[in-house]
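Hi,

Here is the model I promised to pass on.

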Amino acid sequence: MGKDIKREDRALDNILKAIDADPVKIPFTVKLKQWFIKLISNKKFAVAVKAVPILVLILLLIHTFFSISKIGNRNLAIREHHVEDGYLYITVDKASIDAERSFMESTEGETVLKPTVKGIRENIAVFKFDGNSYNIYLYSTDGRTLQLLIDGK
């Protein structure tokens, strides 16, 4: 098709030379509009325009599926715990501790203590500990819960 256009272009130039007329130049904006109209009328372009949103939706669904499956497989777990200088240190794996919701209460339910969380990346909950038995409820920022029973004996 490109050869036909060039041949037609040369034939038109020859005709214009024969009658001593100057060729009419097509403005760039008109050429741009013609190119855009040709692009829109192209069937491949129409298929691509329809396929792109579908592909984006499929990729979004795949991403969501794998994100949910990763969260489902993540268990809230204790990496380590120890008592030092009258404080109980509990390090949690695979979660950020929510200090506002987490608490430690005595087994009778009388004393309730809130933890201080040491470091965002370390995920260490620190409770004042006197050696008695306590129920500890640790909540992660994504809503998971870990319940512990600490026996001070």
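Of the 153 residues in the chain, 21% are buried, where buried means under 20% relative accessible area, exposed means over 50%, and partly exposed lies in between (1.4 Å probe, protein chains only). The chain exposes about 12,200 Å², with carbon and sulfur atoms supplying 61% of that area; the areas come from the Shrake-Rupley method with a 1.4 Å probe, and for residues only the protein chains shown count as cover.

A word on the ground rules: this is a predicted model, in which local features need pLDDT of at least 70 and side-chain atom pairs count only at pLDDT 80 or more, while totals for chains, interfaces and linings use all residues. Residues are numbered from 1 along each chain as its sequence is written, and side-chain values use heavy atoms, with hydrogens and water left out.

Now the layout. The chain has three helices and eight strands, in the order α-α-α-β-β-β-β-β-β-β-β from the N terminus on. Helices (H or I, at least four residues) and strands (E, at least two) are DSSP runs, numbered from the N terminus. Among contacts with a separation of 6 or more, 50% are between residues 24 or more positions apart; contact here means heavy atoms within 4.5 Å.

Next, the strand pairing, for which DSSP must find at least two bridges between two strands. Four strands form an open antiparallel sheet in the order S1-S2-S6-S5. Its edge strands are S1 and S5 (116-118), each pairing on one side only. From one strand to the next, the twist averages 25 degrees, using axes that are lines fitted to C-alpha atoms (for helices, over the stretch in contact) and angles from 0 to 180 degrees between N-to-C directions. S5 and S6 (residues 124-128) run antiparallel and are joined by three bridges, and Val117 has Ala125 in S6 as its bridge partner.

S3 has pairings of its own. Four bridges join S3 to S7 (residues 134-139), and two join S3 to S4 (residues 112-113); S3 runs antiparallel to S7 and to S4. Glu105 takes part in both directions: Glu105 stands opposite Asn135 in S7, and the bridge partner of Glu105 in S4 is Val112.

Is Ser102 buried or exposed? Ser102 is buried, at a relative accessible area of 0%. A polar atom of the Ser102 side chain lies 2.8 Å from the backbone oxygen of Asp98, and a polar atom of that side chain lies 2.9 Å from the backbone nitrogen of Tyr139. Neighbours within four places in sequence aside, Ser102 is in contact with Ile97, Lys114, Pro115, Tyr137, Leu138 and Tyr139.

Finally, charges. Side chains of opposite charge can pair when their charged atoms come close. How many salt bridges does a search of the whole structure find? The search finds one, with a salt bridge defined as a side-chain nitrogen of Lys or Arg within 4 Å of a carboxyl oxygen of Asp or Glu. The partners are Arg79 and Asp93, whose closest N and O atoms are 3.2 Å apart. Arg79 lies in S1 (residues 77-84) and Asp93 in S2, so the pair ties together parts 14 residues apart in sequence. Arg79 is partly exposed at 47% relative accessible area, and Asp93 is also partly exposed, at 26%.

Best wishes

Note on methods:
A polar contact is a pair of N or O atoms within 3.5 Å; within protein, one must be able to donate a hydrogen and the other to accept it, and residues adjacent in sequence count only if both atoms are side-chain atoms.
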